[in-house]
Structures are given as structure tokens and as C-alpha cells.
Amino acid sequence: MTAVSSTRAQIATARSVVVKIGSSALTSLETGLDRGKLDALADAIESRMRAGSDVVVVSSGAVGAGIAPLGLSKRPRDLATKQAAASVGQLALAHAWGTSFARYGRTVGQVLLTADDIARRTQYRNAQRTLDRLRALHAVAIVNENDTVATAELRFGDNDRLAAMVAHLVSADALVLLSDVDGLYDGDPRKGGATLIPEVTSPEDLDGVVAGSGGALGTGGMASKLSAARLAADSGVPVLLAAASDAAEALSGAGVGTAFAARPARLSARKFWVRHAADTQGVLHLDAGAVRAVVDRRRSLLPAGITAVTGRFYGGDVVSLTGPDGVPVARGVVAFDAAELDEMLGRSTMELPSELQRPVVHADDLVRL
Ligand SMILES: Nc1ncnc2c1ncn2[C@@H]1O[C@H](COP(=O)(O)OP(=O)(O)O)[C@@H](O)[C@H]1O
Ligand SMILES: N[C@@H](CCC(=O)OP(=O)(O)O)C(=O)O
């Protein structure tokens, strides 16, 4: 089997799939939510579920669905109007998904997340439990960013990134991004002369590719899809980027669009969280020997190699590890409070009282950057 077909085969047979649907595939400026398109997507998702897969839906479209009912003529630019449109549109969106899946006797549950929710371990675990229980109860989770309370500073940025995060949250085996474009082109297809890239197996496949902005309703355009696809694929989840109008084929044979091959070694959900989702609460400054131990030899971090500590953090928080030049080299879950570490810096483990004789960051909780 070639690399090309093996990625598509992995996506076609994935046991657990996150399907992200962009605003442009569900809504239009003039008429709002397109129920016909939404029904066709629900048909494709239901048939994948009947074939034995678990599916979590990340649905954009709240802002898009709120524009027409509020009498607005274009996608709002200011935060307050966007949030007002999202509050109107999210209600319509969730209701439409509920009605559409009810045709199959399938129940849906709405899950609205902010970036802050998944930056904190307890909330991350809560979201994980909710999604897991919905799956166990055979309901479809319809996830979106909680736009009405997300502030400019605390946003996922776009739902492509949210979908990549959710794929890890639910330990999905594949991520399918459905949009109004049928895949990744080497340039903006609206400008003409662009060629479809069927497969991305290495960073070189992206040399010279220009990922442009989106349509009137989309948020991040192709640039955000590309960065989310790479985020997921680099941490072990294969990705298919396809047109929502091809959803039936995308979710059965995965024979359309652009497939992104996953790096073979999958990052665990915990390490993914440490690396991409968690907020860091402080910094551990390492000497050159400690950098070598942690980065090259993949060892746990011991107090002897720490020269200074900044920030107020507690055991269990995520901290950044920097080298002597101040450049971050890793992130990890620290085992001690900042105040405890102050007393331990530079001391060999054997000199410390027995209750402090453990790594400051265990290798299992450490992610190299
Ligand atoms: N290199 C590219 N390949 C494919 N599409 C591109 C590219 N550059 C820009 N685009 C545009 O990105 C759009 C999709 O992004 P966006 O509107 O944000 O979609 P969504 O609402 O699905 O998130 C497409 O309609 C396409 O015109
Ligand atoms: N949360 C927003 C969508 C944000 C977003 O990323 O949109 P899109 O680029 O269409 O996937 C909404 O529901 O309108």
C-alpha cells in the first residue's frame, strides 16, 4: 500500500472521528442557515456512525446564522456585535442540528468551549468526561467556541484550531475539515490557475503553497486550516480537508480532498495538552547540562540543573523550561511549588530531604519544543 492510500485508509476506517464544518458550508449572508446543506451533512455523519464510528461535530456558523435574523447585511467586525450575532445564531444552529439528527432518532448535545476551559487541567478533564459520556450514550456532541463569553485575548482563534484540540481531547483517530473549497490548492483558487494538492506527507509538500484568507463568512481562511491540519497531523492524527458538498464520500471512502499524513508516533492527550493547550504559570531556567539531559537524552529534570525560577506556580502547574540563552526548550508539569523550588535550586538530589527526592519535572510530563 502506498503512503497516499494508507492515510486515506486510516481516515476511512478511523474508529473515532472529529468532523469540523465551516460557516461557509452551512450559512449564507442573505438567508442564514441552509437547512438542506445541514441535513446532507447529518446524513453523511449518521451513516458513518451506523458503520461503527464515533463522531464528534465541531460546527461553526453561529455568527453566520445570526446575521440575517438581526437584520445585519454583513459579518460584523466588532466583538460586541459578533457576540450578539453568535448568541442568536448558536440557538438556531443547535436547534437545526437537533432537528436534523432527530430524523434518525439521534439525540444531540451542545458543548460550548472557551480556550480558557481547556487551558486548565480540571476543566479540560471535565470537557473530556462530558464528551465521553455523550459518546457512551450514543448522542452526537455539537461543539463550538463559546463565542458570547470568549474575549479577544482568550479565543481559540478559529474553529479549525478548536477542532484539532477536540480531536486530541477525545483521542480521535482522524480529523475531517469540511469547507466550501474541495481541498488545499497551491494558491488561492479564487484567483485562478491553482492546482489541488491531494496529499501532504512532509513539510516539503507545502513549499510554495500560498494559503490565503477565507470568504465573507469564514474566519481564518486556508491559513488557519493548514495550521490546524499540521497541528493535528504532527501530533499523530491524520486529517482530511474536503468540501462539505463531498461529505458523503469524505466520511465513507475518504477519496476526496487533501489528506495530511500523521506523524507515526502519536503524542498522548496529556502531552498534547501540556504542549498546545495549557497556560504556563512560570519558568524554570536550566543550565546547559540540564538542557542536554532533558532535550537530547529525554531524562527527567532534577533540581541540580535549575539555576533560577520565575513566576508563582504550584505543583501540578505547567511551566516553561528555558536554556541559558533564555530560549524555551520544553514545557512540563512541575512537581513542586515555586517557593519549595527556591530552596532546592542547584542542589543534588541526594542532598535533599527524602520527601523532596523526586524529579522536578518527570520525563513522562515533559514535552520538548
Ligand atoms: N491555497 C488555498 N487553497 C484552498 N482554498 C484557499 C486557499 N487560499 C485561500 N483559500 C480560500 O479559503 C476559503 C476557506 O476558508 P474559510 O472561508 O475560512 O472557510 P470555513 O468557513 O470553512 O472555515 C476557501 O473558500 C478558499 O477560497
Ligand atoms: N465560532 C464561530 C466560528 C469561528 C470560525 O472559525 O469560523 P470558520 O472559519 O467558518 O470555521 C461561529 O460559530 O460563528
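## The contact between the two domains

In this predicted model, domain 1 and domain 2 bury about 450 Å² between them, and 44% of it lies on carbon and sulfur atoms. Buried area is the accessible area (1.4 Å probe) that two parts lose on being put together, summed over both. On the side of domain 1, Ala-119, Arg-270 and Lys-271 supply 89% of the area buried against domain 2, more than any other three residues.

Domain 1 covers residues 6-271 and domain 2 covers residues 279-368; such bounds come from an automatic or database domain assignment. The centres of the two domains, taken over C-alpha atoms, are separated by 37 Å. Four residues from domain 1 and seven residues from domain 2 take part in the contact, where contact means heavy atoms within 4.5 Å.

Ligand 1 has 26 residues around it, and Ser-179, Asp-180, Gly-212, Gly-221 and Lys-225 come nearest. A residue counts as near if one of its heavy atoms lies within 4 Å of the molecule. The shell divides into seven nonpolar, 14 polar and five charged residues. In this division, Ala, Val, Leu, Ile, Met, Phe, Trp, Tyr, Cys and Pro count as nonpolar, Asp, Glu, Lys and Arg as charged, and the others, Gly among them, as polar.

Several polar contacts (pairs of N or O atoms within 3.5 Å) involve oxygen atoms of ligand 1. A polar side-chain atom of Lys-225 is 2.6 Å from such an oxygen, while for Ser-24 the distance is 3.0 Å. An N or O atom in the side chain of Arg-190 is likewise 3.0 Å from an oxygen atom of the ligand. Taken alone, ligand 1 exposes 590 Å², of which the protein buries 97%; accessible areas come from the Shrake-Rupley method with a 1.4 Å probe. The elements α2 (23-26) and α9 (221-234) each give two or more residues to the shell, and α9 gives the most, with three residues. Helices are DSSP runs (H or I) of at least four residues, numbered from the N terminus.

## The surroundings of ligand 2

Around ligand 2 there are 14 residues, the closest being Lys-20, Ser-23, Ser-60, Asn-159 and Thr-219. This shell consists of two nonpolar, nine polar and three charged residues.

Oxygen atoms of ligand 2 lie 2.5 Å from a polar side-chain atom of Lys-20 and 2.8 Å from a backbone N or O atom of Val-63. A nitrogen atom of the ligand is 2.8 Å from an N or O atom in the side chain of Asp-147. Ligand 2 exposes 380 Å² when taken alone, and the protein buries 97% of that.

## Basis of the values

Residues are numbered from 1 along each chain as its sequence is written, and chains are lettered from A and ligands numbered from 1 in the order in which they are written. In this predicted model, local features need pLDDT of at least 70, side-chain atom pairs count only at pLDDT 80 or more, and totals for chains, interfaces and linings use all residues, while side-chain values use heavy atoms, with hydrogens and water left out.

Methods:
A polar contact is a pair of N or O atoms within 3.5 Å; within protein, one must be able to donate a hydrogen and the other to accept it, and residues adjacent in sequence count only if both atoms are side-chain atoms.
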